[in-house]
Amino acid sequence: MYNKILSEISQEYYQQNYPNDGQRFVAWYLRNIHNLDTYETKDCITDGAGDKQIDAVYIDNQSSTIYIIQGKFYSGDSLGHGLVKNSQNLQGLLWEVKYER
């Protein structure tokens, strides 16, 4: 799955619209899991200085649900803190908090 996502976020759309693999991964998630279009996806991304570790916020008005999303995409040889990845380690991590009213 990692290689599939890596291949997809290497496409021109993601490369031109998002400055790093972290944002590209979150955008991929929004488009493929929440079925958002390109404009909705771009509007949801909050990643940047002062974002309080929140990479995206998606509000689903139909279900009155707010999704707060934080993702990490690792493309190097380590996951930090001395952890080395291999084919069995998760290389893209994503947290989603769902609030339903």
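Does Asp-60 count as buried or exposed, and at what relative accessibility? At 17% relative accessibility, Asp-60 counts as buried, where buried means under 20% relative accessible area, exposed over 50% and partly exposed in between (1.4 Å probe, protein chains only). Before going further, please keep in mind that this is a predicted model, in which local features need pLDDT of at least 70, side-chain atom pairs count only at pLDDT 80 or more, and totals for chains, interfaces and linings use all residues. Residues are numbered from 1 along each chain as its sequence is written, and side-chain values use heavy atoms, with hydrogens and water left out.

**Overall layout**

- The protein has four helices and five strands; helices (H or I, at least four residues) and strands (E, at least two) are DSSP runs, numbered from the N terminus.
- Along the sequence, these elements follow the pattern α-α-α-α-β-β-β-β-β.
- Of the 101 residues, 35% count as buried.
- Among contacts between residues at least 6 apart in sequence, 42% join residues at least 24 apart; contact means heavy atoms within 4.5 Å.

**Confidence**

- The average pLDDT of the protein is 78, and 70% of the residues score at least 70; pLDDT is the predictor's confidence in each residue, from 0 to 100.
- Confidence is highest in helix 2 (residues 12-17), at 96, and lowest in strand 4 (residues 83-84), at a mean of 36.
- Over residues 78-91 the pLDDT is below 50, and this stretch has 18 contacts in the model beyond near neighbours in sequence.
- Where pLDDT is low, the predicted coordinates should not be read in detail.

- At the start of helix 3, a side-chain oxygen of Asn-20 comes to within 3.1 Å of the backbone nitrogen of Gly-22.
- The buried residues of helix 3 are Gln-23, Arg-24, Phe-25, Val-26, Ala-27, Trp-28, Tyr-29 and Leu-30.
- The axes of helix 1 (residues 2-9) and helix 3 come within 10 Å and cross at roughly 100°; axes are lines fitted to C-alpha atoms, for helices over the stretch in contact, and angles run from 0 to 180 degrees between N-to-C directions.
- Helix 1 and helix 3 are therefore roughly perpendicular to each other, since angles of 65 to 115 degrees carry that label, while those under 35 count as roughly parallel, over 145 as roughly antiparallel and the rest as oblique.
- On the helix 1 side, the contact is made by Ile-5, Glu-8 and Ile-9, and on the helix 3 side by Asp-21, Arg-24, Phe-25, Trp-28 and Asn-32.
- Phe-25 of helix 3 is buried, with a relative accessible area of 6%.
- Phe-25 and Glu-8 are 17 residues apart in sequence, with their C-alpha atoms 9.2 Å apart in space.

**Asp-60 and its surroundings**

- Asp-60 is placed in strand 1.
- A polar atom of the Asp-60 side chain lies 3.1 Å from the backbone nitrogen of Gln-62.
- The side chains of Asp-60 and Ser-63 are joined by a polar contact of 3.3 Å; a polar contact is a pair of N or O atoms within 3.5 Å, and within protein one must be able to donate a hydrogen and the other to accept it, while residues adjacent in sequence count only if both atoms are side-chain atoms.
- Leaving aside neighbours within four places in sequence, Asp-60 is in contact with Thr-65 and Tyr-67.

**Links across the sequence**

- Phe-73, found in strand 2, counts as buried at 12% relative accessibility.
- Phe-73 and Arg-24 are 49 residues apart in sequence and 8.8 Å apart in space, C-alpha to C-alpha.
- Thr-46 sits in the loop between helix 4 and strand 1 and counts as partly exposed at 34% relative accessibility.
- The side chain of Thr-46 reaches the backbone nitrogen of Ala-56 at 3.4 Å.

**Positive phi values**

- Most residues other than glycine have a negative phi.
- Asn-35 has a positive phi of about 60°, lies in the loop between helix 3 (21-33) and helix 4 (38-44), and is exposed, with a relative accessible area of 62%.
- Ser-64 has a positive phi near 50°, lies in the loop between strand 1 (56-60) and strand 2 (65-73), and is partly exposed, with a relative accessible area of 40%.
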